[in-house]
Amino acid sequence: MTSAPAAQTPPFALTIAGNEATGGAGAQADLKTFQELGVFGSLALTCIVSFDPRNDWGHRFSPVDPQVIADQLDAASSAYDLSAVKIGMLGSPQTIDVVAQALESLKTPHLVLDPVLICKGQEPGAALDTDKALTAQILPKATFVTPNHFESISLSGMDDITTVEQLEEAAKRIHERSGAAVLAKGGVRLEGPDAVDVFYDGTTTEVLSSPKVGEVAVAGAGCTLAAAITAELAKGVSPLEAAQAAKEFVSAGIRQRVSSHAPFDSLWQGGLAAERA
């Protein structure tokens with residue numbers, strides 16, 4: 001009798017992110033993406049973001065106690081040799097302090113930052129404090145950054161981004177500021193038939209495009225893109241290859257989007273597998 005071959009150990013990735021109750025974005029999107037792409041995912045939960053169906057689906061934001069976040073990071077980093085880490089919504093300067101301290105001892109070759117600069121459930125002053133702390137304490141530690149259109153404007157110091165050429169300039173400026181590889185997301189924000197993102201790592205500029213599916217952003221697209229990049233880096237591919245694979249994964253997820261009773265559609269992380277079936 002021939003014994004079955006031993007199962008191959010998957011790469012390990014950690015997401016440091018917030019809970020999003022509808023399941024379309026945040027930590028849920030990250031973990032579903034890791035699973036779809038063959039990576040074992042763990043989670044350090046930073047906050048709980050829910051929507052209020054009785055108040056125009058506005059955000060409700062509840063931070064996790066900083067010590068609880070520190071405990072989660074200690075457990076995850078002690079249990080596994082992490083091949084890659086993704087940072088999503090941190091939500092408060094206190095959380096950023098804890099995560100920044102943990103990153104000093106957390107050994108991973110890849111740190112992917114999805115720079116959530118605005119938390120809609122916070123007051124403007126608190127959001128600004130969080131933004132400043134994120135760019136000062138976390139951005140310099142990142143090896144890969146995935147800013148959306150608004151974040152690309154903010155991090156690059158540009159007045160506006162309306163063309164692919166301006167998006168390329170933003171990606172270069174953010175790389176110069178952070179030292180990280182950058183995938184600046186134009187998505188549906190730029191005019192034209194294609195959703196366009198720009199990759200830049202200090203040497204290579206690559207414009208990634210796919211046909212738009214509607215003109216409205218889909219919930220979870222940014223989280224999933226960064227998580228897919230994290231998963232691909234964990235598997236050992238180059239940053240550019242990770243960006244290309246993530247773009248394909250997200251484009252399929254948008255095409256196979258999930259509708260609900262909420263006033264937005266959500267990306268489906270199983271979309272690419274469904275299209276290939």
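A nonpolar core is a set of buried Ala, Val, Leu, Ile, Met, Phe, Trp, Tyr and Cys residues joined through side-chain atoms within 4.5 Å. I began my entries with this term; the model I examined is a predicted one.

**Entry: the cores**

I looked up the largest nonpolar core and found that it has 42 residues. Those with the most contacts inside it are Leu14, Ile16, Leu73, Ile87, Leu90, Val99 and Ile138. Helix H3, residues 93-105, supplies the largest share of this core, namely six residues. I then noted another core lying apart from it, of 30 residues, which includes Leu37, Leu183, Leu208 and Leu267.

I next listed the contacts of isoleucine 138, leaving aside its neighbours within four places in sequence. Isoleucine 138 is in contact with Ile87, Leu90, Ile96, Val99, Ala100, Leu103, Leu113 and Ala133.

**Entry: isoleucine 87**

I placed isoleucine 87 in strand S4. Is this isoleucine 87 buried or exposed? Isoleucine 87 counts as buried, because its relative accessibility is 0% and the limit for a buried residue is under 20%. Not counting residues up to four places away in sequence, isoleucine 87 touches Ile16, Val99, Leu103, Leu111, Val112, Leu113, Asp114 and Ile138. I also looked up a distance: the C-alpha atoms of isoleucine 87 and aspartate 52 are separated by 25 Å, and the two residues are 35 apart along the chain.

**Entry: the sheet**

In what order do the nine strands of the open sheet stand? I read the order as S3-S2-S1-S4-S5-S6-S7-S8-S9, with mixed pairing. The edge strands are S3 and strand S9 (205-211), each of which pairs on one side only.

I then followed individual pairings. S1 and S2 pair in the parallel sense over eight bridges, and the bridge partner of phenylalanine 12 in S2 is phenylalanine 40. S2 and S3 run antiparallel and are joined by six bridges; in S3, proline 63 is the bridge partner of cysteine 47. The hairpin of S2 and S3 has five residues between the strands, and within this hairpin aspartate 56 takes a positive phi near 55°.

Elsewhere in the sheet, strand S6 (residues 144-145) pairs with strand S7 (residues 181-187) in the parallel sense over two bridges. The bridge partner of phenylalanine 144 in S7 is alanine 181. Helix H6, residues 164-178, packs on the sheet and touches S6, S7, strand S8 (194-200) and S9. The direction of H6 makes about 30° with that of S8. I noted also that H2 lies across S1 and S2 and runs at about 155° to S2.

**Entry: threonine 46**

I found threonine 46 in strand S2, residues 40-52. Threonine 46 is buried, since its relative accessible area is 0%. Which backbone oxygen does the side chain of threonine 46 reach? The side chain reaches the backbone oxygen of methionine 89, at 2.6 Å. Leaving aside its neighbours within four places in sequence, threonine 46 is in contact with Ile16, Ala17, Gly18, Pro63, Val64, Ile69, Met89, Leu90 and Thr95.

**Entry: aromatic pairs**

I searched the whole structure for aromatic pairs, and the search finds six. Phenylalanine 12 and tyrosine 80 form a stacked pair, at 4.6 Å centre to centre and with 20° between the planes. Phenylalanine 12 lies in strand S1 (residues 12-20) and tyrosine 80 in the loop between helix H2 (66-79) and strand S4 (84-87), so this pair ties together parts that are 68 residues apart in sequence. Phenylalanine 12 is buried, with a relative accessible area of 18%, whereas tyrosine 80 counts as partly exposed at 26% relative accessibility.

Why is the pair of tryptophan 57 and phenylalanine 264 edge-to-face? The ring centres are 6.4 Å apart and the planes stand at 85°, so the pair is edge-to-face; the cut-off for this class is over 60 degrees. The pair links distant parts of the chain, 207 residues apart. Tryptophan 57 is in the loop between S2 and strand S3 (58-63), and phenylalanine 264 is in the loop between helix H8 (239-255) and helix H9 (271-276). Tryptophan 57 is partly exposed, with a relative accessible area of 24%.

Finally, I noted that Phe12, Phe40 and Tyr80 form one aromatic cluster. Two of its members, phenylalanine 12 and phenylalanine 40, are also the bridge partners recorded in the sheet entry.

Terms used: Residues are numbered from 1 along each chain as its sequence is written. This is a predicted model: local features need pLDDT of at least 70, side-chain atom pairs count only at pLDDT 80 or more; totals for chains, interfaces and linings use all residues. Side-chain values use heavy atoms; hydrogens and water are left out. Buried means under 20% relative accessible area, exposed over 50%, partly exposed in between (1.4 Å probe, protein chains only). Helices (H or I, at least four residues) and strands (E, at least two) are DSSP runs, numbered from the N terminus. Contact means heavy atoms within 4.5 Å. A polar contact is a pair of N or O atoms within 3.5 Å; within protein, one must be able to donate a hydrogen and the other to accept it, and residues adjacent in sequence count only if both atoms are side-chain atoms. Rings of Phe, Tyr and Trp (its six-membered ring) pair if their centres lie within 6.5 Å; planes under 30 degrees apart count as stacked, over 60 as edge-to-face and the rest as tilted. Two strands pair if DSSP finds at least two bridges between them. Axes are lines fitted to C-alpha atoms, for helices over the stretch in contact, and angles run from 0 to 180 degrees between N-to-C directions.
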